Amino acid sequence: MSAESPFGAAEHARYSLWQLVRYMLGLGTWGFGGPVALAGYMYRDLVERRSWIAEGDYKEGLALAQLMPGPLAAQLAIYLGYVHYRIRGATLVGLAFVLPSFAMVVAFGAAYARYGGIAWMQAVFYGVGAAVIGIIAMSAYKLTTRNIGKDRLLWAIFLASAAVTVITKSEIVWIFVGAGVLVWLVRAPPRLSRGATHSFAPLIAWLGLDAVDGQKLGQIAAYFAYAGSFVFGSGLAIVPFLYGGVVQEYHWLTDRQFVDAVAVAMITPGPVVITTGFIGYLVAGFWGAVVAALATFVPCYLKPATR
């Protein structure tokens, strides 16, 4: 994408910023199916039907969203907002895409915390939880076949990473970072004259109210910022990583609560990673949900701005 000024880029747009914001607000409210489906909706509506986004810009955004850690659909939406309207577009589009599902999971979290012991609500979540595994399996299959194809190097890395994950029963982040570095060195060796681009996790600020456990919010912020900054793949890839930290390391949730959290993310529209908001609510109430969601999504918002 050419390095135009924000004003020049906006002049070449065939749509207004508010039209794109309204579209992303609708997609975040009604868009079901997970990251692969959401990325497909954006291509169908913004590239094929409306011709707002050039196919080259869409493919560049999708490639960057796949290469970078963090939620795929949210990063793609933010990038598309950045194409013609730069920082302002990325900010407003990102908020429009994420906020509807965040509001829904907070409402679910409040109801779950208040009425979780009632049999009918447990039955609903257990029924949805049984379907979640199938949905994740289908999405994982589509992502694998689309991204790896017939590439032998990628298949070797995929099988090795899968074997390590199965044997250790946890996601070791350095395995995935190392895999990315390996492909980078083999396929696109860096030139010594180029400077490195660093991605960093933001510091999350929260209100210091008496009712808020600042230490726990700090743990939530640090953990979910780490997850949002270093977990590669789609929003589904973060699920086993979160299980290792939320259930096994910190013991914030039980196995049953974690399955319910993933189920809530799957039955609500928008990015699957919004499950972090539900988890944050169960751990530390409303401010836990806010901090967890911010810590997860702010790193992926910063990436278009630092290109």
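Predicted model: local features only at pLDDT ≥ 70, side-chain atom pairs only at ≥ 80, totals over all residues.

Trainee: Okay, so which residues of helix 4 are buried?
Mentor: Asp57, Tyr58, Gly61, Leu62 and Ala65.

Trainee: And why do they line one face of the helix?
Mentor: Look down the axis of helix 4: its buried residues fall within an arc of 130°, so they end up lining one face.

Trainee: What do those buried residues pack against?
Mentor: Two other helices: helix 3, residues 34-49, and helix 5, residues 72-115.

Trainee: How far does helix 4 reach from its first C-alpha to its last?
Mentor: It covers residues 55-67, 13 residues in total, and reaches 18 Å. That's close to the 18 Å expected at 1.5 Å a residue.

Trainee: Switching topic. What does the chain average for pLDDT?
Mentor: The average is 76, and 70% of the residues score at least 70.

Trainee: Which elements have the lowest and highest mean pLDDT?
Mentor: Helix 1, residues 6-11, has the lowest mean at 53, while helix 2, residues 17-30, has the highest at 93.

Trainee: Where does pLDDT stay under 50?
Mentor: One stretch is residues 1-8, where the model has twelve contacts beyond four places in sequence. Another is residues 192-210, with 20 contacts of that kind in the model.

Trainee: Noted. Now Ala289: where does that residue lie?
Mentor: In helix 12, which spans residues 275-305.

Trainee: Buried or exposed?
Mentor: Ala289 has 0% relative accessibility, so it counts as buried.

Trainee: What is Ala289 in contact with, leaving aside neighbours within four places in sequence?
Mentor: Phe102, Val106, Gly277, Gly280 and Tyr281.

Trainee: And how far apart are Ala289 and Thr275?
Mentor: In sequence they're 14 residues apart; in space, C-alpha to C-alpha, they're 9.4 Å apart.

Trainee: One more residue, Thr296. Which helix does it lie in?
Mentor: Thr296 lies in helix 12.

Trainee: Is Thr296 buried or exposed?
Mentor: Buried, because its relative accessibility is 0%.

Trainee: So what does Thr296 touch, not counting residues up to four places away?
Mentor: Its partners there are Phe224, Gly228, Val273 and Thr276.

Technical notes:
Residues numbered from 1 in each chain as written. Heavy atoms only, no water. Helix = DSSP H or I, 4+ residues; strand = E, 2+ residues; numbered from the N terminus. Expected span 1.5 Å × (residues − 1). Buried < 20%, exposed > 50% of the residue type's maximum accessible area, 1.4 Å probe, protein only. Arc of directions from axis to C-beta. Contact = heavy atoms within 4.5 Å. pLDDT = per-residue confidence, 0-100.
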